[in-house]
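Here is a short report on one chain. It covers contacts, strand pairing and charged pairs.

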Amino acid sequence: MAGFFRRMLPKRFRKERVVIPVVRLSGVIASGGGPLRQSLNLAGVSQALEKAFEMKAAPVVALVVNSPGGSPVQSRMIYNRIRDLAQEKQKKVLVFVEDVAASGGYMIALAGDEIIADATSIVGSIGVVSGGFGFPELLKKLGVERRVYTAGENKVILDPFQPEKEKDIEYLKSLQLEIHKVFIDMVRERRAGKLTDDETVFSGLFWTGGRGLELGLIDGLGDMRQELRKRFGDKIKLELVTTPRSLFGRRAPGISLSGMDNIGAGLASGLAQAAEEKALWGRYGL
């Protein structure tokens with residue numbers, strides 16, 4: 001009722017609030033989630049992004065990024081969707097970093113016209129990493145024989161149950177260099193005129209927000225609410241925009257309910273994914 005009566009007042013007597021949409025982009029970046037975690041990917045955030053940019057009266061769209069990275073493909077897809085919407089709707093994008101915007105998380109943050117972080121946030125890690133485990137010696141001790149048949153000599157490249165081959169590692173590194181170059185080009189384009197000439201910027205190192213500001217990786221230090229009040233006055237209203245959820249509480253896009261037979265396998269893979277995710281966050285002390 002209060003909103004109804006406020007609209008009935010002549011405009012000069014209204015105390016209009018500036019509504020600013022806020023979209024949270026949080027978590028490890030991966031194409032799919034699991035029973036033990038929700039991943040950050042385009043399918044999960046596209047509706048929220050579109051809804052936020054549809055708010056015509058909003059002067060900016062605020063994005064909160066909190067991610068240690070993950071899939072470079074999903075990172076670029078989210079980045080591209082944000083930039084496409086910003087250009088289409090003629091909206092400025094402000095990115096606010098929470099604990100960390102590293103690797104793919106920083107790639108997403110590049111979509112902002114300005115990046116603002118806390119002095120103790122972690123930013124950077126502009127590099128590419130691949131990891132895994134090898135089990136050939138364990139198989140020997142267990143008396144297990146690995147049998148695999150292929151058509152194509154490279155079909156089992158980097159098989160974890162076989163000894164590493166130098167040519168396989170060299171091939172993987174060549175792919176990493178290609179992806180790294182794409183990342184570097186994105187940073188140079190989006191941070192043009194702001195980056196320093198420090199040669200460590202693209203080395204994979206990561207820094208606090210304070211050092212990131214000195215290197216030109218971010219534009220300022222601060223808190224989202226305080227920063228937005230400074231720019232748009234005390235009458236701002238931050239409106240969190242989220243993706244609609246299904247009956248079972250999960251994000252609607254890409255959800256499959258294929259029956260109980262998938263639950264056991266999903267939990268097993270989910271445990272492994274959860275351990276990998278914990279290691280990824282732990283790399284930045286989180």
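## Contacts, strands and salt bridges

Leaving aside residues up to four places away in sequence, Tyr106 touches Ala101, Ile115, Gly124, Ile126, Phe183, Val187, Arg191 and Leu217. Contact means heavy atoms within 4.5 Å. This is a predicted model: local features need pLDDT of at least 70, side-chain atom pairs count only at pLDDT 80 or more, and totals for chains, interfaces and linings use all residues. Residues are numbered from 1 along each chain as its sequence is written, and side-chain values use heavy atoms, with hydrogens and water left out.

**Core.** Tyr106 is also among the residues with the most contacts inside the largest nonpolar core, together with Leu25, Leu63 and Ile82. That core has 45 residues. Helix α2 (42-53) gives the most to this core, with six residues. A nonpolar core is a set of buried Ala, Val, Leu, Ile, Met, Phe, Trp, Tyr and Cys residues joined through side-chain atoms within 4.5 Å. Buried means under 20% relative accessible area, exposed over 50%, partly exposed in between (1.4 Å probe, protein chains only). Helices (H or I, at least four residues) and strands (E, at least two) are DSSP runs, numbered from the N terminus.

**Strands.** Strand β3 (residues 92-102) has eight of its eleven residues buried. Strands pair if DSSP finds at least two bridges between them. β3 pairs with β2 (residues 60-67) in the parallel sense over seven bridges. Ser67 stands opposite Ala101 there. From β2 the chain crosses through helix α3 (residues 72-89) to β3, a right-handed β-α-β crossover. Right-handed means that, with the strands pointing away from the viewer, the path from the first strand over the helix to the second runs clockwise. β3 also runs parallel to β5 (residues 122-124), joined by three bridges. Ala101 has Val123 as its bridge partner in β5.

**Salt bridges.** The structure holds 15 salt bridges. Each is a side-chain nitrogen of Lys or Arg within 4 Å of a carboxyl oxygen of Asp or Glu.

| Pair | Closest N and O atoms |
|---|---|
| Arg81 and Glu50 | 3.2 Å |
| Arg191 and Asp219 | 2.8 Å |
| Arg211 and Glu214 | 2.8 Å |

Arg81 lies in α3 and Glu50 in α2, so this pair ties together parts 31 residues apart in sequence. Arg191 is buried at 2% relative accessibility, while Asp219 is partly exposed at 26%. Arg211 and Glu214 both lie in helix α7, three residues apart, about one turn of the helix. Glu214 is exposed, with a relative accessible area of 53%.
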